Amino acid sequence: MGSLPSLIFVTLSLTILFFIPPAYSTSRRALDKPLQKSGIRITLTHRDYGKNLTKFELFERAIKRGKSRLHRLNTMSYSKAATATSLAAKSKVHAGSGEYLMDIAIGTPAESYSAILDTGSDLIWTQCKPCEQCFDQATPIFDPSKSSSFSAISCSSKLCTALPTYTCSKSKDACVYLYTYGDQSSTEGALATETFTFGKVSVPKIGFGCGSDNEGSGFSQGSGLVGLGRGPLSLISQMDEPKFSYCLTSIDDESSTSTLFMGSEASDQKKSGGKMISTPLIKNPSYPSFYYLSLKGITVGDTMLSLDESVFALNDADGSGGMIIDSGTTITYLEESAFDVMAKEFISQTKLPVDDSGSMGLDVCFKLPSNADSVEVPKLLFNFDGGSLDLPAENYMIADSSMGVVCLAMGSSQGMSIFGNVQQQNMMVLHDLKAQTLSFMPTQCDKL
C-alpha cells in the first residue's frame with residue numbers, strides 16, 4: 001500500500017450531494033430456461049426523482065431513510081440473537097423499502113406500474129383490487145379480474161411453502177401470504193402467478209403477491225416491491241438466471257440513468273469495463289436474502305487501519321454482524337469500533353478544520369476554505385477477500401459549497417455493517433449466484 005499517493009483531490013463542483021434518475025428496456029426468456037442468448041435491461045429511477053428538491057434536500061431525505069433502514073436491520077439482528085433458539089427466530093421480518101424504482105407491467109392486457117427495487121428482500125408484490133386497505137399510488141390499482149393470465153397459487157406449491165408466513169384459503173386451497181417489513185409496514189393477500197412485462201418483452205408465470213391489505217407508509221412512492229434477494233421468491237430466482245448487475249450513475253448528473261441488467265446483459269457488461277475485483281458472497285442462514293461480503297480491512301491514505309478482521313465477520317451462533325451490500329441504503333455504515341478508528345485516521349490525514357455543526361447529518365465533516373475549487377482528502381480503500389476496491393473521491397466525499405462543508409459519506413452502526421449505494425456509484429456491481437461472487441468494475445454508468 002505504501003506506493004499509493006496518500007491524498008487525492010476532490011473537485012467540489014463534482015461532489016455535491018446524492019441523486020440518481022430514469023428510463024427502461026429488456027428482453028425475453030422461456031419460463032423453464034435461463035436467459036442464455038439474450039438478457040434483460042431495465043432502467044432504474046431514484047425514488048425522489050422529479051420532486052423539484054434541492055440537492056441538499058435530496059441528500060437529507062436519503063440519509064434519513066438510510067438511517068431508518070439501518071435501524072430496522074439492526075433491530076432484526078438483535079431480535080434474532082435474543083431468540084435464536086425459539087420459533088420466533090425464523091426470519092419473518094424483512095428490511096423493506098429501497099432507493100430505486102423500476103418500471104414493470106403486469107397482466108394481460110399489460111398495465112404499467114412503478115415498483116421499488118429491493119436487494120434486501122425476496123417477495124414481488126403489488127396492490128390489488130378489491131382493496132381492504134391500500135395506500136395511495138399514482139397509477140390505478142391492479143385488478144386481477146381483468147387479466148386473462150392471472151392464476152392463484154395453491155398451498156402445496158413450492159413458492160407458497162417458501163413464504164415465511166402463509167395460510168390456506170378454505171374455499172379454494174389458495175395460498176394467502178403475509179409479508180412484514182421492519183418499519184411495521186406489511187402486505188397481505190393472494191399469492192398468484194402472472195405475466196410480467198419489461199419494456200416490450202413479456203415473461204409468463206412469475207409468482208407474486210396480490211396485496212389486498214397493505215399497511216404502512218414505507219411504499220407510497222411506488223405500487224409495490226420487486227425483491228432481488230437470494231431466496232426462491234425473488235425475481236432473480238424465479239427467472240432461473242444466476243447473474244444480475246446494476247450500474248448507478250454519478251450524483252452530479254440529474255439527467256443520466258441507472259440500469260439493472262439480468263442474464264447475458266449482465267455477463268456482457270463484465271467484458272466492457274476496466275479492472276474488475278471479485279469477492280466471495282457469504283451465506284448467512286439467519287438472513288438468507290442478504291448479500292454478505294467478506295471485508296478484511298480498510299486503508300486510509302497509506303495507512304492500513306489496525307482492525308481485527310472479526311469486526312466485520314458474521315457471528316455463526318446467531319447470524320449477527322457481518323457486512324451486506326445494499327442498493328437500498330444510501331451511505332456505508334461500519335461497525336462502531338471500526339468506524340471510530342477510520343474516522344480518527346481520516347481526520348488526522350485531512351488538512352482541513354473539523355466542522356462539528358452537524359448541519360449535513362454526518363459524523364465526519366470539515367470546513368471548506370472560502371472560494372476553494374478543490375480540496376485534498378486521503379485515499380480510501382476497502383480491502384475485500386479477493387482484492388482491494390480503490391474508491392474515487394466522489395464515492396465517499398460529499399460537499400455543499402453553499403454551507404461551506406465537505407463530509408465523509410459514511411456512518412457508524414451497532415451490529416451489521418452495510419456497503420451503501422453512494423460507494424457503489426459508477427461501478428458495475430455484478431452478482432453471480434452460481435459462482436457465489438460479487439464483482440466491482442469501474443464503469444461510466446451514464447454511457448451504457
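Modeller: Let's start with a term: a salt bridge is a side-chain nitrogen of Lys or Arg within 4 Å of a carboxyl oxygen of Asp or Glu. Lys and Arg count as positive and Asp and Glu as negative, while His and the chain ends are not counted. This is a predicted model, in which local features need pLDDT of at least 70 and side-chain atom pairs count only at pLDDT 80 or more, whereas totals for chains, interfaces and linings use all residues. Residues are numbered from 1 along each chain as its sequence is written, and side-chain values use heavy atoms, with hydrogens and water left out.

Colleague: What makes you say that aspartate 122 has no salt bridge?

Modeller: The nearest side chain of opposite charge, arginine 230, is 8.5 Å away, and the cut-off is within 4 Å, so aspartate 122 has no salt bridge. Aspartate 122 sits in the loop between S5 and strand S6 (125-127); strands are DSSP runs of E with at least two residues and helices runs of H or I with at least four, numbered from the N terminus.

Colleague: What joins the side chains of aspartate 122 and serine 289?

Modeller: A polar contact of 2.6 Å. The term asks for a pair of N or O atoms within 3.5 Å; within protein, one must be able to donate a hydrogen and the other to accept it, and residues adjacent in sequence count only if both atoms are side-chain atoms.

Colleague: Why is aspartate 118 called buried?

Modeller: Its relative accessible area is 0%, and buried means under 20%, exposed over 50% and partly exposed in between (1.4 Å probe, protein chains only), so aspartate 118 is buried. Aspartate 118 lies in strand S5 (residues 111-118), and its side chain has a polar contact of 2.7 Å with that of serine 121.

Colleague: Where does UniProt place the "active site" feature?

Modeller: The unreviewed entry puts it at Asp118 and Asp326. They are spread over 209 residues of sequence, yet cluster in space, with a largest C-alpha distance of 8.3 Å. UniProt positions follow the numbering used here, feature names are shortened, and annotations may be inferred rather than shown by experiment.

Colleague: Why does aspartate 326 count as buried?

Modeller: Because its relative accessibility is 1%. Among the residues that aspartate 326 touches are Arg69, Asp118 and Gln424, where contact means heavy atoms within 4.5 Å.

Colleague: And why does glutamine 349 count as buried?

Modeller: Because its relative accessibility is 12%. Glutamine 349 belongs to helix H5 (residues 336-349), and its side chain makes a polar contact of 2.6 Å with that of glutamate 345.

Terms used
Lists of a residue's contacts leave out its neighbours within four places in sequence.
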